[in-house]
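Q: I have a model open here and would like to go through some of its local geometry with you. Can we start with how a pair of helices packs?

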Amino acid sequence: MKKQTNTYSGKRKSAGLPFLLAASLLMAPLHSPGQQIKHLPTSKTIEITDSRRDLAIQIDYAGGCKITGLHIKGENTLSPEGVYTGFKTAGGSFCSLKTDKDIRVTVGEEEIVLNDIQYGDLSVKVNEVWTFKIADDRILWTVERAYSDLAKLEEMALPQWNFKDLGVWKGGILDNGGMVWCKYLSEVNDTYGVHTGGVTFWEPESGNALRIVPRAGEGKYMAAKYSHSEKGEFACTHFITDMELEPRYNLSRFVRQKPDVFVPFNVSKGKVSVDYSIQYINYDKEYSRGNLPGIDEKAVRELLNTTGRYGVVDNGIVGANGWITNWKCLHEPFFAQTGLALGDRQYTQNLAQTLDRERDHAIREDGRVLSRWHDNDGDQMPGTFNYKTGYYEAVWGYTVDSQTGQVINTAELFNLNGDIDWLRSHKNSCEKALEWLIKRDSNRNGIFEMMNSYTGEGLASDWLDIVWASFENAFVNAQMYEALNLWAECELVMGDDEKAARYRNIAERLKDSFNKPIEEGGFWHAQKKQYVYWRDKDGSVHGDNLVTPVNFAVIGFGLCNDKERIKMILEEIEKRTVAEHLFHWPLCFDSYREEEVSNRQWPFPVYENGDIFPTWGYLGVRAYVKLDRKIALKYIGNLLEQYKKDGLSSQRYSRITQQGEGTDILAGICTGVTALYRDIYGIRPKWNRMGLEPNLTNELNGTAFTYILRDTTYHIKLSVNDYAMATGSFSIRSKSSFGAARDGNKIIYYPHNKEETSLVIAPESDKPTDIRILNWNKRVCSWKISTPGTFEATITGLCPGQEYNVSVDNKRERIKAGENGHLTIRHNCKSETTYAIRKINPD
């Protein structure tokens with residue numbers, strides 16, 4: 001059935017109706033059922049409200065066309081400029097604020113359409129149609145634009161959203177996992193441009209947020225820029241183009257005091273359209289971190305949504321520097337851990353795209369991984385900067401930890417996305433990256449060597465880029481140990497057992513050599529009770545000044561299992577941190593020798609020679625949970641308090657004043673808080689399951705939050721020795737760490753989050769199944785099912801052919817495990833049922 005419509009324009013036409021009747025129709029407000037679309041033809045205004053009346057927009061089409069009001073909970077967020085469309089050519093600027101003819105409005109039962117929005121000049125004109133609809137709690141806006149001819153545009157507004165000022169929103173969470181932080185657009189015309197358009201603006205004090213989700217036509221490219229306008233507004237401008245836009249200034253996504261971040265571009269004659277979903281969001285609810293006893297939940301939320309996301313420069317460029325400086329270091333291994341803490345699929349998808357891009361453009365044929373991405377060649381090693389891709393070697397030296405960073409991030413991201421095909425696409429590149437470093441063992445002692453051989457060369461070999469670590473570098477080798485073990489697990493998943501065994505053997509040899517005393521070629525300094533940083537080719541030892549990231553990495557990555565060594569190192573670090581009243585660990589406690597560092601780092605303490613860089617805080621947390629969880633929590637709390645003071649908007653903190661310093665604001669400064677999720681709450685996903693491996697203290701008892709992994713929502717509840725995980729189809733509770741997954745109708749429990757054994761429960765019904773693990777050890781495996789129904793329970797990983805005592809509600813029988821080590825029980829549970837399996841004649 002054809003929908004009934006009414007059409008209005010600026011010219012008074014009665015279409016044959018008596019004048020008074022026509023006049024009354026023009027003056028009466030026309031609206032859809034439910035009063036959600038109101039049209040006032042006399043004032044040429046339209047008001048549209050969502051179903052919950054959280055969001056309302058006003059449109060004015062008198063003499064032009066713009067959105068004059070975008071009300072959130074009754075408050076208009078827009079400047080007088082409002083929201084409009086437009087474009088700019090070399091010949092001038094044109095926009096919908098002034099149109100060439102009267103706008104014609106058509107009101108339907110469920111939509112309102114504004115036609116004939118025309119503007120431009122003789123060279124190119126546009127004719128636009130704006131259509132507004134209501135979809136429950138969203139307002140849908142479609143802009144159809146027809147270009148009269150081919151044209152080259154300097155700028156586009158399709159549309160431009162002009163908010164009152166930079167205080168309306170704290171920032172915007174982008175749909176590539178990144179964010180725009182309004183306070184970083186501090187000067188007029190500061191502009192940040194990205195190749196995506198979706199954004200959720202938020203204001204934490206009110207808890208209000210505005211989500212704008214665009215959808216362009218097939219084959220079109222989306223981009224957006226965020227600016228501090230000359231009128232003091234916060235402006236968001238959308239672009240819809242035929243080709244992906246190039247940056248105007250080098251490869252810069254952020255430019256200071258320039259409104260034009262993209263190069264001019266061509267548009268074709270004909271039509272282009274874009275749909276926008278505009279929605280009010282309850283920010284407190286949508287981005288809640290749950291109930292976090294002992295932890296400031298709002299500080300965690302805000303830190304992760306700002307500093308944690310700020311390292312996303314653009315699509316395909318996820319790092320831990322940030323978009324203000326247009327930098328990304330490939331020699332950082334913690335991007336996937338940031339994704340784990342964010343729990344945002346858009347971030348992890350963008351990180352996957354980033355690693356794909358680096359695989360294709362930043363890894364050389366011999367396996368060398370270039371160390372950095374930047375928008376210009378300012379600190380390149382001569383001749384290495386690629387002016388198209390932005391990858392290069394830094395002038396400070398070959399930072400070899402880019403090899404390990406690539407592998408660690410790939411392996412850890414695979415545990416988040418679970419995409420085996422994606423992992424296989426990185427098999428060759430990650431193997432090449434590892435082999436490049438494995439080959440660097442000229443003295444065949446199992447410790448891998450840097451490109452520089454002596455401190456006196458004045459070159460760096462890792463992240464501490466103006467410390468002259470050389471030859472056998474303990475920090476790089478500790479990361480290599482982690483990379484080898486993580487990649488061995490990936491090789492097993494891909495079915496390459498031979499490669500997995502090889503990498504594990506290499507890792508074990510490295511571990512053995514690494515832990516030897518310095519007198520025997522290792523890194524352990526028994527007299528100083530610490531691991532030293534590096535050894536020159538002549539055997540001289542350097543970096544015995546208690547370098548924290550080195551010692552934290554050795555413990556955190558599991559290179560050191562000696563409890564006495566761990567205790568000595570961490571107790572000394574804690575004693576000295578407390579003595580100086582530091583809120584976070586410095587990079588080193590004592591000074592390097594003058595010849596070991598750049599002259600910019602003298603006298604001590606300054607910069608990498610003694611200042612506080614929280615970037616490596618996650619390794620400190622990971623190390624301290626092995627000794628004293630309360631200490632780990634203390635420094636997480638300190639970091640959250642510092643965030644509330646200054647947003648962690650610094651590169652580092654002065655050792656002397658503990659004030660933020662450095663214009664290169666680092667997103668990686670938040671890693672101590674990302675470790676809260678991995679190493680305290682124990683969120684440890686694997687490629688085929690969700691995992692919980694908590695390290696809690698009593699102060700955290702009652703922690704509860706939701707975590708989304710691969711489109712499944714997990715409800716997590718944590719107390720000391722009491723861990724619960726629930727989805728819509730099952731719940732599992734255990735006193736020890738575990739993993740769990742749903743595979744078809746099967747629920748799989750992985751004791752200690754490992755795959756040596758498992759419990760597979762197959763219910764006959766689709767009702768949620770409640771399981772409680774009572775014990776799981778070498779002597780007995782027992783559990784309860786509290787859901788009535790028939791279940792088939794299979795235990796894997798048993799001794800093939802071995803007999804077991806099986807008890808179901810105290811009814812016992814002997815059952816022999818199959819040759820595959822599986823044992824299956826089928827039982828109809830009429831009430832809560834207890835199962836137990838014991839090995840007969842246990843070893």
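A: In this predicted model, the axes of helix 15 (residues 629–646) and helix 16 (residues 671–680) come within 9 Å and cross at roughly 145°.

Q: Is the crossing of helix 15 and helix 16 left-handed or right-handed?
A: The crossing in which helix 15 passes helix 16 is left-handed.

Q: And which residues of the two helices meet?
A: From helix 15 the contact involves Ala-632, Leu-633, Ile-636, Leu-639 and Leu-640, and these meet Gly-672, Val-673, Leu-676 and Ile-680 of helix 16. Sorted by class, the residues of this contact are 8 nonpolar and 1 polar, with no charged residue.

Q: Switching to the backbone, which bond joins Leu-158 and Pro-159?
A: Leu-158 and Pro-159 are joined by a cis peptide bond, for which omega is about -5°, and Pro-159 is found in strand 15, which covers residues 155–163.

Q: What about the peptide bond from Trp-602 to Pro-603, cis or trans?
A: The peptide bond from Trp-602 to Pro-603 is cis, with omega near 0°, and Pro-603 is found in the loop between helix 13 (563–579) and helix 14 (617–624).

Q: Staying with that loop, what is phi for Tyr-607?
A: Tyr-607, which is also found in the loop between helix 13 and helix 14, has a positive phi of about 50° although it is not a glycine.

Q: Is Tyr-607 buried or exposed?
A: Tyr-607 has a relative accessibility of 15% and therefore counts as buried, since the cut-off for buried is under 20%.

Q: And Arg-444, what's its phi, and where does it lie?
A: Phi of Arg-444 is near 55°, a positive value in a residue other than glycine, and Arg-444 lies in the loop between helix 9 (427–438) and strand 31 (472–473). Arg-444 is exposed, with a relative accessible area of 68%.

Q: New topic: how many cavities of 30 Å³ or more are there?
A: A search of the whole structure finds 3 cavities of 30 Å³ or more, and the largest cavity has a volume of about 50 Å³.

Q: What lines the largest cavity?
A: The lining of the largest cavity consists of Thr-548, Pro-549, Phe-552, His-584, Trp-585, Pro-586, Leu-587, Phe-613, Trp-616 and Gly-617. By class these are 7 nonpolar and 3 polar residues, with no charged residue.

Q: Which helix gives the most to that lining?
A: Helix 12 (residues 548–556) gives the most to the lining of the largest cavity, with 3 residues.

Conventions: Residues are numbered from 1 along each chain as its sequence is written. This is a predicted model: local features need pLDDT of at least 70, side-chain atom pairs count only at pLDDT 80 or more; totals for chains, interfaces and linings use all residues. Side-chain values use heavy atoms; hydrogens and water are left out. Axes are lines fitted to C-alpha atoms, for helices over the stretch in contact, and angles run from 0 to 180 degrees between N-to-C directions. Helices (H or I, at least four residues) and strands (E, at least two) are DSSP runs, numbered from the N terminus. A crossing is left-handed if the near helix is turned anticlockwise from the far one by less than a right angle, and right-handed if clockwise. Contact means heavy atoms within 4.5 Å. Ala, Val, Leu, Ile, Met, Phe, Trp, Tyr, Cys and Pro count as nonpolar, Asp, Glu, Lys and Arg as charged, and the others, Gly among them, as polar. Buried means under 20% relative accessible area, exposed over 50%, partly exposed in between (1.4 Å probe, protein chains only). On a 1 Å grid over the protein atoms alone, a cavity is a set of points where a 1.4 Å probe fits but cannot get out, and a pocket is an open set with protein on both sides within 12 Å along at least five of seven lines; lining residues have an atom within 4 Å of a point. Grid points are joined across faces, edges and corners, and a volume is the space filled by probe spheres set on the points.
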